[in-house]
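Hi,

Here is the structure I said I would pass on to you.

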Amino acid sequence: MARGKFITFEGIDGAGKSTHLAYVADLLRSSGKTVIVTREPGGTPLGEKLRELLLHEKMHLETEALLMFAARREHLAHVIEPALARGEWVISDRFTDATFAYQGGGRKLDLIKLSALEEWVHPGFQPDLTLLFDVPLEVARARLDASRELDKFEREKADFFAATRTEYLRRAEQFPERFRVIDSTGTFADVHAELGQIIACI
Ligand SMILES: Nc1ncnc2c1ncn2[C@@H]1O[C@H](COP(=O)(O)OP(=O)(O)O)[C@@H](O)[C@H]1O
Ligand SMILES: Cc1cn([C@H]2C[C@H](O)[C@@H](COP(=O)(O)OP(=O)(O)O)O2)c(=O)[nH]c1=O
């Protein structure tokens, strides 16, 4: 049985990534793949408890980074790795790039510390494809304000999101073999067309 593929969705809050996740899952299912959709922080019973804390409690920056990776360890062990080994495809709404972008870029935690945690939690393992949904900050903010009650991260100021977006784009340049940057300012139809082309080539 061939191993499945691991696809991650990334972007600043309000970029539109969650909106397009079901579309990509359906595209893959219609081509005969078994697909699991999951998310971070979360994706396991313990991970979802950690998510509650991470999204609503104030904590030291390093505690936040450590808990993100603790939840990720659970997620890899109990969901991602077993599914890929069974030949299933896994789509995750965020993964380690989010920790580099938010805790590293946004909150300025030393990237060397994050690389050490990454090397500990998933040495040699990376997504096969990372879709980075990119929009200007004002567009993301307007979409967020119109759509939901904001959590701890979503209430951050513009300079936090500017730094988060910059770090995402820097990583996309650093790892061009797995990143695809999606212009998420277009209509749903525009974004779907771009996603369709990318998925057709994977
Ligand atoms: N291309 C788009 N055009 C207009 N509105 C969009 C677009 N993509 C997403 N939205 C809207 O923006 C809001 C935030 O999208 P969401 O997918 O939840 O963002 P994210 O998961 O990136 O935080 C939702 O109300 C969604 O309907
Ligand atoms: C996975 C991850 C998420 N986050 C943040 C980004 C988001 O603001 C928040 C939750 O992500 P997300 O599920 O995208 O939130 P929503 O469904 O409300 O759009 O967690 C980090 O700061 N670091 C991480 O490593």
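Below is what I found, going from the whole chain to the two ligands and then to two residues.

First things first: this is a predicted model, so keep that in mind as you click around.

**The whole protein**

The protein has five strands and eight helices. If you walk along the sequence, they come in the order β-α-β-α-α-β-α-α-β-α-α-β-α. The C-alpha trace spans about 45 × 40 × 30 Å along its principal axes. Of the 202 residues, 33% are buried. Also, take the contacts with a separation of 6 or more: 81% of them are between residues 24 or more positions apart.

**Ligand 1**

There are 16 residues around ligand 1, and the closest are Gly-16, Ser-18, Thr-19, Arg-143 and Ser-147. Which of them gives the most? That is α1, with three residues. By class, the shell has nine polar, four nonpolar and three charged residues.

**Ligand 2**

Ligand 2 also has its own shell of 16 residues, with Glu-40, Ala-98, Thr-99, Tyr-102 and Phe-153 coming nearest. Here helix α4 (residues 96–106) gives the most, with four residues. The classes in this shell are seven charged, six nonpolar and three polar.

The unreviewed UniProt entry places a "binding site" feature at Gly-11, Ile-12, Asp-13, Gly-14, Ala-15, Gly-16, Lys-17 and Ser-18. I picked two of these for you.

Ile-12 sits in the loop between β1 (6–10) and α1.

Lys-17 is in helix α1. Lys-17 has 22 C-beta neighbours inside 10 Å, so this residue counts as buried too. With neighbours within four places in sequence left aside, the contacts of Lys-17 are Phe-9, Glu-10, Gly-11, Asp-93 and Phe-133.

Cheers

Methods: Residues numbered from 1 in each chain as written. Chains lettered and ligands numbered in written order. Predicted model: local features only at pLDDT ≥ 70, side-chain atom pairs only at ≥ 80, totals over all residues. Near = placed C-beta within 6 Å. Helix = DSSP H or I, 4+ residues; strand = E, 2+ residues; numbered from the N terminus. Nonpolar A, V, L, I, M, F, W, Y, C, P; charged D, E, K, R; others polar. Buried ≥ 20, exposed ≤ 12 C-beta atoms within 10 Å, placed from the backbone. Contact = placed C-beta atoms within 7 Å. UniProt positions renumbered as here; feature names shortened; annotations may be inferred.
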